[in-house]
Amino acid sequence: MLRNTADSWGAPAKLFHWAMAALILAQIALGVMAASWRVSPAKIELFFWHKSTGMLIFALVALRLLWRLANPPPELPSGIAAWERAAARVSHLLLYTLMIALPVTGWIVNSASNIPFRIFWLIPLPAIVAPDKPTADLAALVHGGLAALLALALVAHIGAGLRHHFVKRNTVLVRMLPGTWRTP
Amino acid sequence: MKRIGLGLCGLLAFAPHPAQAADWKMDPAGSKLEFIATFEKTAAPGEFKEFDARLRFDPDKPAGSSLDVTIKVTSADMSIPDVNKEIRGKDWFDYAAFPQAEFRSTDLRRDGKRYVARGTLTLKGVKQPVEVPFTWTSAGESAVMEGEFTLKRGAFGIGLGEWAATNVIGADVKVKFKVKLRKAG
């Protein structure tokens, strides 16, 4: 089952969701470690993996959005209040916005810092802004702020998924799990 | 007979000047000394903004020539503010203790179409024999010597302690130079 249906997600959508979930969690850990590590080869390594993973996430979110455009998501089950629908809409919009804004601001930091970088040692990352220390500092500040916002959005996202399952007892959580889950 | 004589005169006019090593002085405006390190296997270019080269050289008879290059190490610029701050330290160039580097050669030879200057590089207090290949292009009173060679940063203690590892910052540093010279006196 590849395509999304009215009440469940297709395999590609699930793969995008869980692969990116794992990458984003790893990415947050790498970013926090890279930023706080003392200047050392390890710090450079952490930044290298953080930047490479970030560009991978950026590429994946583009593909994911294309897939989503071609495959409308399943509808929310009945028994969801208007405010819950609105909250779901806003939080998903926020998550997608951050999945784009974080790589872009990170890319700006890297360009403004003038640090030579090839994604996973392979693809040279072109500069999108001219080298400039104040720009780099500002973009780094915005990048960090957005990352904190992402952490909050993820807590809300995970909390909402668990609430759907354990409190509202609907299929919203299980229909995103890998494999085929019988809907009650 | 007269015609032959004229012909000889013409030939002589185009013959090289009698071999005589000239003194050359560097024109800083047209000269550049770069060092290209690697950062996660990606080229990280830097430049010594201040350096000076003095040369006594005859391209046709390089024996007896000499080359003397003084590099103001503290003028190094890798165009990344954080990196520029880092390379001043003891683990890297150690500006405080070794503000200057030198290359001296009294052994310049022709090597096919180019030349090689064999000499001693003193960098961060370490003396190492180094061969510097270069090409020579001259036009009247000015000339350009250009070349590149590779050094191992570890041989000069550039990158000490944990920085001695070469997986993040590579062992090889490419040195690239273009020196514009003017005949002096």
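**Figure 1. Crossing of helix 2 and helix 3 of chain A in the predicted model.** The axes of helix 2 and helix 3 of chain A approach within 9 Å and cross at roughly 140 degrees. Because of this angle, helix 2 of chain A is classed as oblique to helix 3 of chain A, an angle over 145 degrees being needed for roughly antiparallel. Helix 2 of chain A passes helix 3 of chain A in a left-handed crossing. On the side of helix 2 of chain A, the contact is made by A:Lys51, A:Gly54, A:Met55, A:Ile57, A:Phe58, A:Val61 and A:Leu65. Helix 3 of chain A contributes A:Tyr96, A:Met99, A:Ile100, A:Pro103, A:Gly106 and A:Asn110. By class, the residues of this contact between helix 2 and helix 3 of chain A are nine nonpolar, three polar and one charged.

**Figure 2. Packing of helix 1 against helix 2 of chain A.** The axes of helix 1 and helix 2 of chain A lie 9 Å apart, and the two helices pack at an angle of about 155 degrees. Helix 1 and helix 2 of chain A are therefore roughly antiparallel to each other. The crossing in which helix 1 of chain A passes helix 2 of chain A is left-handed. Residues of helix 1 of chain A in this contact include A:Phe16, A:Met20, A:Leu23, A:Gln27 and A:Leu30. Among the residues that they meet in helix 2 of chain A are A:Lys43, A:Phe47, A:His50, A:Arg64 and A:Trp67. The contact of helix 1 with helix 2 of chain A comprises 17 nonpolar, five polar and two charged residues.

**Figure 3. Helix 4 of chain A and its packing against helix 3 of chain A.** Helix 4 of chain A covers residues 133-166, 34 residues in number. From first to last C-alpha, helix 4 of chain A reaches 49 Å, close to the 50 Å expected at 1.5 Å a residue. Buried positions of helix 4 of chain A are A:Ala136, A:Ala139, A:His143, A:Leu150 and A:His164. Their cover includes helix 3 (82-113) of chain A. Helix 3 and helix 4 of chain A have axes 9 Å apart and pack at an angle of about 155 degrees, which makes helix 3 of chain A roughly antiparallel to helix 4 of chain A. Their crossing is left-handed. The residues of the contact between helix 3 and helix 4 of chain A are divided into 18 nonpolar, seven polar and no charged.

**Figure 4. Surroundings of A:Trp9.** A:Trp9 is located in the segment before helix 1 (11-36) of chain A. This residue counts as buried because 20 C-beta neighbours lie inside 10 Å, and 20 or more are required for that class. Apart from neighbours within four places in sequence, the contacts of A:Trp9 are A:Asn4, A:Lys14, A:Pro74, A:Arg175 and A:Met176. A:Pro74 is 65 residues away from A:Trp9 in sequence, yet their C-alpha atoms are 6.5 Å apart in space.

**Figure 5. Positive phi at A:Phe120 and B:Lys41.** Most residues other than glycine have a negative phi. A:Phe120 has a positive phi, near 50 degrees. This residue occupies the loop between strand 1 (118-119) and strand 2 (123-124) of chain A, and counts as partly exposed because 13 C-beta neighbours fall inside 10 Å. For B:Lys41, phi is also positive, near 60 degrees. B:Lys41 belongs to the loop between strand 2 (32-39) and strand 3 (42-48) of chain B. With 14 other C-beta atoms within 10 Å, B:Lys41 is partly exposed.

**Figure 6. Chain B and the contact of chain A with chain B.** Chain B contains two helices and 11 strands, arranged along the sequence as α-β-β-β-β-β-β-α-β-β-β-β-β. Of its 185 residues, 25% count as buried. Among contacts in chain B with a separation of 6 or more, 59% join residues 24 or more positions apart. The contact between the chains takes 15 residues from chain A and 14 residues from chain B. Helix 2 (residues 41-70) of chain A supplies four residues, the largest share of the side of chain A that touches chain B. That side of chain A divides into nine nonpolar, three polar and three charged residues.

Note on methods:
Residues are numbered from 1 along each chain as its sequence is written. Chains are lettered from A and ligands numbered from 1 in the order in which they are written. This is a predicted model: local features need pLDDT of at least 70, side-chain atom pairs count only at pLDDT 80 or more; totals for chains, interfaces and linings use all residues. The expected span of a helix is 1.5 Å times one less than its number of residues. A residue is buried if 20 or more other C-beta atoms lie within 10 Å of its own, exposed if 12 or fewer, and partly exposed in between; C-beta atoms are placed from the backbone. Two residues are in contact if their C-beta atoms, placed from the backbone, lie within 7 Å. Ala, Val, Leu, Ile, Met, Phe, Trp, Tyr, Cys and Pro count as nonpolar, Asp, Glu, Lys and Arg as charged, and the others, Gly among them, as polar. Axes are lines fitted to C-alpha atoms, for helices over the stretch in contact, and angles run from 0 to 180 degrees between N-to-C directions. Angles under 35 degrees count as roughly parallel, over 145 as roughly antiparallel, 65 to 115 as roughly perpendicular and the rest as oblique. A crossing is left-handed if the near helix is turned anticlockwise from the far one by less than a right angle, and right-handed if clockwise.
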